[in-house]
Amino acid sequence: MSRFTRGLLPLTIANVKSYVRDRGALFWTIAFPVLFVVLFGSLFSGGTTKFTVGWVDQDQSAAATSLRQGFAAVSLLDLKDANQDDALAQMRDGKLDAVIVVPAGLGTALSSTGSTSTPFQLILYTDPSKQSASGTVQQVVAQVVGGINQTLSGKPPELAVQPQTLQTQNLTNAAYFVPSILAMALMQLGVFAAIPLVAQREKQILKRLSATPLARSTLVGSNVFTRLLIAVVQTLIIVGIGAVLFGVSVLQPLAVAALVVLGAVTFVSIGYVIASYARTEDSANTLASVVQFPLMFLSGIFFPIAFMPQWLQPVAAFLPLTYLGDALRQTMVGGAAYAPLYIDVLVLAGWLAVTFLISARYFRWQ
Amino acid sequence: MAVDAQPTDTHLDADGDVIVTEGLTKVFEGRGGPLRAVENLSLRVHRAEIFGLLGPNGAGKTTTVEILEGINKSDSGKVSVLGLDPNRDSTQLKERIGVQLQTAALYPNLTVVELIDVFRSFYKHSLPTSQLISEYGLEERKTGLTKELSGGQRQRLSVALAMVNDPELIFLDEPTTGLDPQARRSLWDRVAALKAEGRTVVMTTHYMEEAEQLCDRVAIMDHGRILELGTVDAVVSGHFKERSVRFATVPAFDDAHLAQLRAVTRVAHETDETVLYTTDVPATIGDLERLGERVGAKNLDVAVKRPTLEDVFLELTGRALRD
Ligand SMILES: Nc1ncnc2c1ncn2[C@@H]1O[C@H](COP(=O)(O)OP(=O)(O)OP(=O)(O)O)[C@@H](O)[C@H]1O
Ligand SMILES: [Mg+2]
């Protein structure tokens, strides 16, 4: 066994046990983000029982009008007439949940008696990142089309739906804040990460450990692993609640997983810098709180940075949480990017490298 | 060449001893200027002995022990522990020593068994958890969280933790502070057993009775320096050739008369007792009784005491309270 791995697993298990038995810490890392997601969700996402769907009629035939009546009869749908460009633009802006396009030729196709067997294609635009909206609309449209096909009693041509996806720029509130809350939770987990070590230093537990062959790298490694485990649990809880309650799905699970690890490790490293400058557990706690609030409110995780006062925007451009939030948003729900994904990753990696060096140099063991 | 022939300055001849220090010095930079916590300290600890470090608060006992354990660095002087340099070979050394710190806390939210198991995982070789639990009387509390232990139980656990790696050299910094008399005696038995098993123990204590009972040799230190070092008997008899004869103070006696009695070297008063130091107990007591008859003070309740380590300690380090 190498010197690093000796004691690593038992110490990590001991850390997790200590953590789980500390009710206060458990509340802040598990219950708090859950409350946040539920609270924000109920405040902002409202009752989405009706979906606003753009209706683009390029055929202008009697058949198209009766088709429209069929859809309008469904109480879940609220149809808005528009031409295709306007409808898609409105959908990008978040004003429409979906767009149905009736291409020219429907009337002629239906009146010509049975010469062709290819179904006539309606086009349906939905946004896959809005899972519940797109799923419901797709189901409803399929049902309506199925009903119409039945009344046509199998006479060709039948109607079919050609699904199209459209990445909307303005996300629903839920889709916007679920990645934000995940980023916030990872940030909090990180900036408070070294508090246990500071407490152990204060109570001379670190001194006692230094009288054993346990390597310092193992001690730090187990502390970081403990935090990563908690980060994984937090991520599952937050993403799970987002999916179940608000229909927010994850577009790129692997990328999100990698970002969760990168984000957690970066903020843990920032937490170690905080611990390097604090003498006692109390002062480390105070310092971590002082750090977390500006991060939370200046990073544009709860509202787009463009909404910030002009003079504050460079601050946001400097803060790591801006980039973690942006990267998680891009990979979880899509939407407008603040920076390209690779920039997000580079900035986070830069913060990680710098803070790692600072804490490796200045962390006090005794 | 002549230059090569010079003895290297760092070499210490352990000569079979477990610990050798020469001219050990440690200076702390405090607010009130530099504080010399350990000053020019030289000592040797033999294999399989119990060595006691005694001294008033702030004497430098803990600092000395921590330098030997390799968790504190000396500023100058030479140290060899188990033939190793505690700074350079600290990982190797730590596999072989057991350490109980005076002030260290334990992981509060782990149970006794969990904590012992975690510590065992740090070492290449360790003793079974159940053996440690039973040897240190922790059976009843083995599934309790360490934060719920009483002070004495916690103290026993920290000694048990010092034993997890089956060490050949054990450092105990005030191991019996806060223990009830039963627990203290049971720990004495454990420490004596460690010695019987061939292990070496270096301990500090403020209980002189404990040092007399347990330690083969003691060092009395103050202000970072060793004032006296040797077996308890040698230390005591080196300081006090006399015995003390004590009795409840009789107003009719005056010190000038008492000092004239045969073999009396000194007269002292402790609370309401008079103490005569004498080189010949029967002669002094005979004279004292005749003196009593003359002044009408009969049936003096006389007690004879051998001087103790505590007498030497107080003599050497003074009676005034520190810090
Ligand atoms: N880390 C430190 N920084 C500054 N001064 C220190 C430090 N550690 C110890 N000292 C000082 O060094 C001196 C010796 O302390 P030490 O702890 O070795 O005494 P001790 O003999 O163990 O006392 P006690 O019986 O109270 O445990 C004391 O004056 C103490 O204040
Ligand atoms: Mg001490």
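Me: Before we look at the ligand, what counts as a polar contact here?
Reply: A polar contact is a pair of N or O atoms within 3.5 Å. Keep in mind that this is a predicted model.

Me: Great. How far is ligand 1 from the side chain of B:Lys61?
Reply: An oxygen atom of ligand 1 sits 2.7 Å from an N or O atom in the B:Lys61 side chain, so the pair falls within the 3.5 Å cut-off.

Me: And the side chain of B:Thr63?
Reply: There, an N or O atom is 2.5 Å from an oxygen atom of ligand 1. The backbone takes part too: a polar backbone atom of B:Ala59 lies 3.1 Å from a ligand oxygen.

Me: How much of ligand 1 does the protein bury?
Reply: The protein buries 64% of the 630 Å² that ligand 1 exposes when taken alone.

Me: Which elements give two or more residues to that shell?
Reply: Strand S2 (33-45) and helix H2 (61-69) of chain B. H2(B) gives the most, with 3 residues.

Me: How many residues surround the ligand in total?
Reply: There are 14, and B:Gly58, B:Gly60, B:Lys61, B:Thr62 and B:Thr63 are the closest.

Me: Switching topic, how many helices and strands does chain B have?
Reply: Chain B has 12 helices and 13 strands. Its C-alpha atoms fill a box of roughly 75 × 65 × 45 Å along the principal axes.

Me: What share of chain B is buried?
Reply: Of its 323 residues, 50% count as buried.

Me: Last one: how far apart are the mean positions of the positive and negative charges?
Reply: They are 1 Å apart in chain B, for 37 positive and 50 negative charges.

Terms used:
Residues numbered from 1 in each chain as written. Chains lettered and ligands numbered in written order. Predicted model: local features only at pLDDT ≥ 70, side-chain atom pairs only at ≥ 80, totals over all residues. Heavy atoms only, no water. Helix = DSSP H or I, 4+ residues; strand = E, 2+ residues; numbered from the N terminus. Buried < 20%, exposed > 50% of the residue type's maximum accessible area, 1.4 Å probe, protein only. Lys, Arg positive; Asp, Glu negative; His and termini not counted. Charge placed at Lys NZ, Arg CZ, Asp CG, Glu CD. Near = heavy atom within 4 Å. Polar contact = N/O pair within 3.5 Å; in protein donor to acceptor, adjacent residues only side chain to side chain. Areas by Shrake-Rupley, 256 points an atom, 1.4 Å probe, with all protein chains shown as cover.
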